[in-house]
Amino acid sequence: MIDPVRTLARRFWPVMRLRWIFFGTLLFVAALPGFAALGLRVYENALVRRTEAEVSAQAASIAAMAALLWPDAPSGIAPPEAPSARPDSGERYEEAPTGIDLRSSPVLPSRPAAVQAATAPDATAQIVANIIAPAIAETKRTTLAAILLVDCNGVLLGGPEAGRSLAALPEVRAALTGAATTVLRHNDSYSQSSPLEWISRGTSIRLHHARPIMVGGKVVGGVLVSRSPAALFRGMWEDAGKIAAGTLSILGLLIALSAVLARAIVRPVERLSRAARALASGQDASPRRPTLEVREIRSLYDDFATMAASIARRSRYLRDFAASLSHEFKTPLAGLRGGIELLQDHGADMTAQERNRFLANMAGDADRLSRLVSRLMEMAQADMRGGAVEGPAPLAPILARLADGMARDDFTIELSCPADMPLLAIESAALETVLATLIENARQAGAGHLMIAASLAEGLGCITLADDGPGIPAADRDRIFDPFFTTRRSAGGTGLGLPIARALVENRKGSLHLASPGKGATFELRLPMAA
C-alpha cells in the first residue's frame with residue numbers, strides 16, 4: 001500500500017528549489033499572527049454589528065408600539081401582518097443594514113447627563129410612555145439594554161432623569177428630524193474584569209441607537225436604546241468549538257508542513273549521511289531516493305551516486321592495478337634474487353662465461369624494472385593532469401613531425417588533415433605522446449602502412465588511425481587498455497602505453513577507443529576544440 005502512495009506522490013509532487021520551500025514556510029509562519037489578528041478584528045466587528053442590529057430592532061419595535069398607541073394616530077395604522085399570514089403576497093423582508101465599523105466609526109465621549117428642559121414633557125407622549133412602560137421594563141430586564149423615550153422636543157418621558165432634555169445629543173437630534181442613527185460612545189462606568197480584555201476594542205464602548213416615533217408622517221417623539229456590544233471573550237467562549245477547530249486546523253497544517261519538509265529535506269540528508277559513512281567503511285552505499293523531491297536534494301543524490309560509482313570504479317581499478325603491479329614486479333625480482341643467490345653460492349666455481357650470462361639476465365630484469373617504474377610515473381602524471389589547458393595543440397604540425405620522424409622504409413604514414421583544423425584542448429606534448437604511442441604500436445604489430453585522417457564531428461576534433469597490420473585478436477580487444485596487458489612481454493613491452501594514452505585523453509574530456517573490427521587495427525581519438 002505504501003509503494004503506490006509513494007509513486008503517486010512522486011508523480012504529482014512539484015520539484016521545487018529548496019530556497020522557495022524555506023521562503024514559503026517562513027512566510028506562512030510569519031503571516032499566522034497577522035491572520036489571527038485580522039480574524040479577531042473581523043470577528044469583533046461582527047459582534048458589534050450584531051449588537052447594533054439587535055438594538056435597532058428593539059428601538060423599531062418600541063417606536064412602532066408607541067405609534068400604534070398614540071391617541072392622535074390615524075385609524076388606518078395597524079400592526080403589519082405576519083409573513084405566514086400572506087404567503088402569496090410576494091412581499092420581501094430584509095434585515096436593516098448596519099453602519100457601525102470599529103475601524104472607521106468615531107467613538108464619541110460618554111453620554112452627558114440630561115440638562116434642564118425649557119418646556120414640560122408633551123402630555124400625549126407622556127401618556128403613551130406610561131402605557132408602554134411595563135413592556136419597556138421587561139425588555140430592559142431581558143436584553144440588558146437602556147431604553148429611554150423622549151417627546152418631540154427631546155424631553156425624557158421616564159427614568160431617573162424624567163423631565164430633563166437630551167435634545168443636544170447628536171443621535172437624538174437626528175432622530176427628531178426623522179433619521180434613525182447609531183453612534184459609538186465611551187462607557188466610562190465600565191471596569192475591566194480581566195487583564196486580557198485590552199485585546200478587544202469593544203469592551204469599553206457602548207452603542208447608542210436613536211429612532212423617531214412617526215405618527216401621520218410627523219415625528220412625535222423618539223426612542224433611545226443603548227447597550228454594550230457583545231463581549232469578545234464571551235463571544236469567543238460561545239464559539240469555543242469553532243475557535244478550537246481553527247486552532248487545531250492550523251496546528252495540523254503546521255505538523256503536515258513539518259512532515260513534508262522532513263520527508264523532502266531532513267530524511268534524505270540523514271540517508272545521505274548514513275550512506276556516506278557506509279561508503280567510508282567500504283560498504284555498499286545506495287540510499288533510497290526520497291518520495292518528495294526538491295531540486296537541490298535531487299542534484300545532491302545524483303552527485304552522490306556519481307561519486308559512489310566513481311569510488312567503486314577507482315577501488316576496483318586500484319585493486320586490479322595492485323594485483324597486476326605485484327605480478328609484473330614479481331618476475332624480474334625473482335630473476336634478480338635467483339641470480340644473486342647463484343652468484344653467492346656458486347660464483348667461485350663458475351666460469352667467466354657463466355657469470356656473464358647470469359649478470360646479463362640480472363641486468364635485463366633490472367632494465368625491465370626501470371622501464372616499469374618510468375612508465376608508472378608517466379601513468380601517474382597522466383592521471384593527475386587536469387585544470388586549464390596550457391597551450392592548445394595545433395594538430396597539423398604535430399602529425400607532420402611524427403610522420404617524418406617515425407616513418408621507415410617498410411612503414412609509411414599517410415596524413416589527411418584539413419587546413420582549417422582548429423586547435424585542440426590538450427597540451428602539444430600530451431597529444432604527441434598519445435599519437436606516438438598509437439603509431440609505434442602499429443609499427444610493432446607489423447603494419448606496413450598507417451592512414452591518419454583528421455576531421456570535425458559534433459563539435460569535436462576526430463582523429464582516426466587505421467593500419468594494414470594483422471589487427472587485434474577478438475580475445476584481446478576488450479583488454480588492450482588494461483594496465484600491464486601486453487602481447488610483447490618478451491620484447492620488453494610493459495603494457496602501459498595504451499592506458500597512459502587513454503588517461504591523457506580522458507583527463508582532457510576526450511575519448512580513445514578501438515573501432516569496429518576490420519582489416520588491420522583502427523583507433524578513434526576524439527578531443528574537444530580549444531575555446
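In which sense do strand β5 and strand β6 pair, and over how many bridges? In this predicted model, β5 (residues 181-186) and β6 (residues 205-215) run antiparallel to each other and are joined over six bridges. Thr181 has Ala210 of β6 as its bridge partner.

Both strands belong to an open sheet of five strands with mixed pairing, arranged in the order β1-β5-β6-β7-β3. The edges are formed by β1 (107-108) and β3 (146-151); each has a single partner strand, so one side of each lacks a neighbour in the sheet. Helix α3 (residues 123-143) packs on this sheet and touches β3 and β7 (218-227). The direction of α3 makes about 165° with that of β3.

| Helix | Residues |
|---|---|
| α3 | residues 123-143 |
| α10 | residues 428-444 |
| α11 | residues 497-506 |

Helix α10 has 17 residues, which at 1.5 Å a residue should span 24 Å; the C-alpha atoms at its ends are 24 Å apart, so the two values agree. The buried residues of α10 are Ala430, Leu431, Val434, Leu435, Thr437, Leu438, Ile439 and Ala442. After α10 comes Gly446, which has a positive phi, near 100°.

Helix α11 contains Pro499. Is Pro499 buried or exposed? Its relative accessibility is 6%, so Pro499 counts as buried, the cut-off for buried being under 20%. Pro483 lies 16 residues from Pro499 along the chain, and the C-alpha atoms of the two are separated by 5.9 Å.

Key: Residues are numbered from 1 along each chain as its sequence is written. This is a predicted model: local features need pLDDT of at least 70, side-chain atom pairs count only at pLDDT 80 or more; totals for chains, interfaces and linings use all residues. Side-chain values use heavy atoms; hydrogens and water are left out. Helices (H or I, at least four residues) and strands (E, at least two) are DSSP runs, numbered from the N terminus. The expected span of a helix is 1.5 Å times one less than its number of residues. Buried means under 20% relative accessible area, exposed over 50%, partly exposed in between (1.4 Å probe, protein chains only). Two strands pair if DSSP finds at least two bridges between them. Contact means heavy atoms within 4.5 Å. Axes are lines fitted to C-alpha atoms, for helices over the stretch in contact, and angles run from 0 to 180 degrees between N-to-C directions.
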